[in-house]
Structures are given as C-alpha cells and as structure tokens.
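Subject: Structure handover

Hello,

The structure is below, with notes on what was found in it after that. Please read the notes with the model open.

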Amino acid sequence: MSRLARAFRTTGRFLAAGAIVFLLAWAGMVLTRQDGSIATLWMANAVLIAGLLRSPTEGWPVLVGGAFAGNLVANMLMGDPTGLAAALAVCNMLEALVVATLFARIFAPGAAFRTLDQLGRLAVLALLGPLVSTPLAGW
C-alpha cells in the first residue's frame, strides 16, 4: 500500500471514530443528561471498545485520537468548558483502553462466553473500566 493510500486510510479511520463517538456521545448527553453533566446511558465507549477489539493494536492510537476529538467536541457543544471537556474525554478514553487492553489479554479472539467463568470475567471487565474512570471524572 502506498504512503498516500495509508494516509487516506488512517485519516478515514480517525474521522470515522471521531464522528461515531461524537454522535453517540452527543445523543447520550442530549437524551439522558442529568444534573451535573451526568449521562445515564453512554454507548460511545462501548462502540469504541468494540472498534478497538476489531482492530490491530498498532491502529489503536488513531481510533482513540479520533474518539477523543469527537468526545471533546460533543462535551463542548453541551456547554462544558474546554478544560472540563478535555478531562472528561480523557477519562472516557482511559476507560475504553483499560477494558479493551484487558479484554484482549484475557479472552481469545472470537470468545463465545459459554461458561460462567467467562461470563464472570466479562462482568468484571464491564465494571472495571468505569471503576477506573469514574473517580477521575468526578475529581
């Protein structure tokens, strides 16, 4: 693949990640926002984690960078000051990276989650990401 083709592909992934996360973050905030900038439903990180797990790890920085940009813009459009918007976006990226990294290490590609042990590990991961990011976001 030529350098130009790689550049277009990388730019496309960055923009796609940013657009998808922006739309999901904005929708989550508009549809479910509570007092104190808290969204009840946050699908943006779930979709980002899925995207990370379907991509080679060397492509993760592009996806996370695009997702960060999309999350930042959504936060700012909802009225968060730039510093707060950036801090919340960092917390979301940290959450997604923690979950995706641990998931990739614990489960084989294409894991079917057929045993209680596998489902238990998945449940722990589902709780671990927010346990890492929530105290930082609330700080």
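N45 counts as buried because its relative accessibility is 3%, where buried means under 20% relative accessible area, exposed over 50% and partly exposed in between (1.4 Å probe, protein chains only). This is a predicted model, in which local features need pLDDT of at least 70 and side-chain atom pairs count only at pLDDT 80 or more, while totals for chains, interfaces and linings use all residues. Residues are numbered from 1 along each chain as its sequence is written, and side-chain values use heavy atoms, with hydrogens and water left out.

N45 is part of helix α2 (residues 43-53); helices are DSSP runs of H or I with at least four residues, numbered from the N terminus. Its side chain makes a polar contact with the side chain of W42 at 3.3 Å. A polar contact is a pair of N or O atoms within 3.5 Å; within protein, one must be able to donate a hydrogen and the other to accept it, and residues adjacent in sequence count only if both atoms are side-chain atoms. Leaving out residues up to four places away in sequence, N45 touches N92 and E95 (contact means heavy atoms within 4.5 Å).

Helix α3 has 18 residues and spans 26 Å from its first C-alpha to its last, close to the expected 26 Å, which is 1.5 Å times one less than the number of residues. Its buried residues include W60, L63, V64, A67 and N71, and among the elements that cover the buried residues of α3 are α1, α2 and α4. After α3 comes G79, with a positive phi near 100°.

Axes are lines fitted to C-alpha atoms, for helices over the stretch in contact, and angles run from 0 to 180 degrees between N-to-C directions.

- α3 (residues 60-77) and α4 (residues 82-106): the axes come within 8 Å and cross at roughly 145°. The contact residues include W60, F68 and M76 of α3 and L88, M93 and L97 of α4. They divide into 14 nonpolar, five polar and no charged (Ala, Val, Leu, Ile, Met, Phe, Trp, Tyr, Cys and Pro count as nonpolar, Asp, Glu, Lys and Arg as charged, and the others, Gly among them, as polar).
- α1 (residues 3-32) and α3: the axes are 7 Å apart, at an angle of about 35°. Among the residues that meet are R13, F14 and W26 in α1 and L63, G66 and L77 in α3. This contact has 14 nonpolar, seven polar and one charged residue.

Regards

Conventions:
Helices (H or I, at least four residues) and strands (E, at least two) are DSSP runs, numbered from the N terminus.
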